[in-house]
Amino acid sequence: MLDSASASTTVLLGAAAALLLAAMLYPSSLLKWLQRKRYQYEVTFSLYMLTSTEKFILNSVLFLLLSLFIIAASLYLPEHIAFMAHRMFYYFSGDSSHFTTAPAAKDFGTSATQLLGNANAQHAGAATHDL
């Protein structure tokens, strides 16, 4: 079974393959469309006024930020959506069986109580030992 990272990688590779296939089948129309999009990008963000070095730096920063955003979204967004769906189900139904089981919560409570009891006993023992 594919996890979310593998599925998103598969989708991105599929989109890249489809774009490459379209470039091989229709080179002139795709090339014109890409040139038009590049022109719109340069005119919209006033890149035509920059030198080639400034364009390179700006485009590199934008590419880095966009790629980090896409990677973060593809890695963490599926888990977040699942968490929010479980939370929404909990708010509507009030059933917490999806989150934890009763024995695990009970074990956590008893272990926390034992941990606090041991810490208090050690603190009391250290205080009497110092006197």
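**Group meeting: the helices of a predicted model**

Good morning. Helix 2, residues 27-44, contains 18 residues, and from its first C-alpha to its last it reaches 25 Å, close to the 26 Å expected at 1.5 Å a residue. Just after helix 2, Ser 46 adopts a positive phi of about 55°.

Please keep in mind that this is a predicted model. Confidence is lowest in helix 4, residues 102-130, with a mean of 57, and highest in helix 3, with 92. Where pLDDT is low, the predicted coordinates should not be read in detail.

I now turn to the packing of helices. Two packed helices are described by the angle between their axes and the distance between the axes. For helix 1, residues 4-25, and helix 3, residues 52-93, the axes come within 9 Å and cross at roughly 130°. Helix 1 is therefore oblique to helix 3. The crossing in which helix 1 passes helix 3 is right-handed.

Which residues make this contact? Helix 1 contributes Ser 4, Ala 5 and Ser 8, while helix 3 contributes Ser 74, Leu 75 and Pro 78.

Thank you for your attention.

Note on methods. Residues are numbered from 1 along each chain as its sequence is written. This is a predicted model: local features need pLDDT of at least 70, side-chain atom pairs count only at pLDDT 80 or more; totals for chains, interfaces and linings use all residues. Side-chain values use heavy atoms; hydrogens and water are left out. Axes are lines fitted to C-alpha atoms, for helices over the stretch in contact, and angles run from 0 to 180 degrees between N-to-C directions. Helices (H or I, at least four residues) and strands (E, at least two) are DSSP runs, numbered from the N terminus. Angles under 35 degrees count as roughly parallel, over 145 as roughly antiparallel, 65 to 115 as roughly perpendicular and the rest as oblique. A crossing is left-handed if the near helix is turned anticlockwise from the far one by less than a right angle, and right-handed if clockwise. Contact means heavy atoms within 4.5 Å. pLDDT is the predictor's confidence in each residue, from 0 to 100. The expected span of a helix is 1.5 Å times one less than its number of residues.
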